[in-house]
Amino acid sequence: FDPVAMPVAASHARTVAVRAHAPSGGSVVATAPVAPPAAYVDMPYPKRKSPLDDRPTLVKAMTAVTEQVLALPPVFSAAAADARSTMFERGAQIGSPWPDAVDEYKRQKDMTQWEAALRDVTKIPTEDLPTYFTLPFHAYEAGNIGWAPAFEADSAAVTVHAPIFDADAKEMKPEGDEQMRMSFLDAAKQLAKAMGSNVHDGSGAVDAVDVGCSTGRSAAMLRASLGRGAFVRGVDLSAHFLAVACSNQESGKGLFQKANVATGSSRIEFVHAAGESMPFDDESQDVVCVSLTFHELPGGVSLQIIEEAYRVLRPGGFIQIMEMDPSSAFFQRIASIPPAWAAFRATEPWLASYACLDVTEAIKVAGFADVRDATCTPRHRAWVGKK
């Protein structure tokens, strides 16, 4: 959910019954934020000075009060519902209506077929998923587990990233999400080439992993970026997202169509696994890519993923990361507005942990010999490490 839309809704919150346009017709909006598990909160990881530390005392106090108010179930449900409505309206304005996307998935397969597809990709029972992943995310009651977030993921990405290249976040472009991913991959390619990469020129065989691949948008763009010789695997903990990713690839939906046309390469393999415990051999990959994933993880797990990337990468291989830039003007502005930051944190339980994660230092701690970074959008940064 948009960190600007949520606090606007919170200002006139009301108690409502929330029913999403989802296959089950059931409520998908969380009733209240859930405290992150202490075991993950206490995990060690390299920290930087958080931009939150420099906020005036009054702003910190107002934010704390706002967070307490948002923690009240009726207030949170109402704010989430209104924010969701705002995002639906924005999606319709830019030609990406969320309900239409859900209807399209339901036309492609009936729910019996979707459940069969889910069984095909599931390797980890829900009860065995790490508890950091089973918290409510993005105001969905079950987080990323379920058909509602999976069917709405692409629409959400297009909608949330529509204003990403406009400093005032007013100009909406339906291609914003695609441009963001291209900008990141271009920046990563340039940084890697400056470190002597011979795997980013698009001419040879490349083994790559996309960690936190969701419904496949980032994996499709990664394959297009690496060229015809690329064999890409997408890894995610949400089997529902992976089932949708497989369907998107089969139908050539969205960014898959462009990736297929651009490369004509092998199909992406989607794997149900944790990024910190990938089922791949040591020194078997050339590139590990992580896009917009760390802000949804405890800092300690982000470090584990970087360490796991080091394990599976061949000597001379690269990790490339895109994430929100806490030093950006956009992030600083949200952090300075108590309702905005409180609402953002309410739908992103690990956001504060990410805000103080020193990504550069984490890559170095994992063992990477050379680490470089660059701005890739007004809100995001790219990091590349060479093994």
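Trainee: Which residue stands opposite cysteine 289 in S4?

Mentor: In this predicted model, aspartate 210 stands opposite cysteine 289.

Trainee: What makes strand S1 and S4 a pair?

Mentor: Two strands pair if there are at least two bridges between them. Strand S1 (residues 206–211) and S4 have four bridges, in the parallel sense, so they count as paired.

Trainee: How do you know that S4 and strand S5 pair?

Mentor: By the cut-off of at least two bridges. S4 and S5 (residues 313–324) pair over six bridges, again in the parallel sense.

Trainee: Why is S4 called mostly covered?

Mentor: Buried means under 20% relative accessible area, and seven of the seven residues of S4 are buried.

Trainee: What makes aspartate 282 and arginine 311 a salt bridge?

Mentor: The cut-off is a side-chain nitrogen within 4 Å of a carboxyl oxygen. The closest N and O atoms of aspartate 282 and arginine 311 are 2.6 Å apart, so the pair qualifies. Aspartate 282 sits in the loop between strand S3 (269–272) and strand S4 (285–291), while arginine 311 is in helix H12 (residues 299–312), 29 residues apart.

Trainee: Why is aspartate 282 called exposed, and what is arginine 311 called?

Mentor: Exposed means over 50%. Aspartate 282 has 52% relative accessibility, so the term applies. Arginine 311 has a relative accessible area of 26% and is therefore partly exposed.

Trainee: Which glutamate meets arginine 311 in a salt bridge?

Mentor: Glutamate 308, at 2.8 Å, N to O. Both residues lie in helix H12, three residues apart, about one turn of the helix. Glutamate 308 has a relative accessible area of 11%, so this residue counts as buried.

Trainee: How do you know that aspartate 154 and arginine 217 form a salt bridge?

Mentor: Their closest N and O atoms are 3.8 Å apart, and the limit is 4 Å, so the pair is counted. Aspartate 154 belongs to helix H7 (residues 147–160) and arginine 217 to helix H9 (residues 217–226), so the bridge ties together parts 63 residues apart in sequence.

Trainee: Are aspartate 154 and arginine 217 buried or exposed?

Mentor: Both are buried.

Trainee: Which residues are linked with them in a network of salt bridges?

Mentor: The network links Asp154, Asp177, Arg181 and Arg217.

Trainee: How many salt bridges does the structure hold?

Mentor: The structure holds 16.

Technical notes: Residues are numbered from 1 along each chain as its sequence is written. This is a predicted model: local features need pLDDT of at least 70, side-chain atom pairs count only at pLDDT 80 or more; totals for chains, interfaces and linings use all residues. Side-chain values use heavy atoms; hydrogens and water are left out. Helices (H or I, at least four residues) and strands (E, at least two) are DSSP runs, numbered from the N terminus. Buried means under 20% relative accessible area, exposed over 50%, partly exposed in between (1.4 Å probe, protein chains only).
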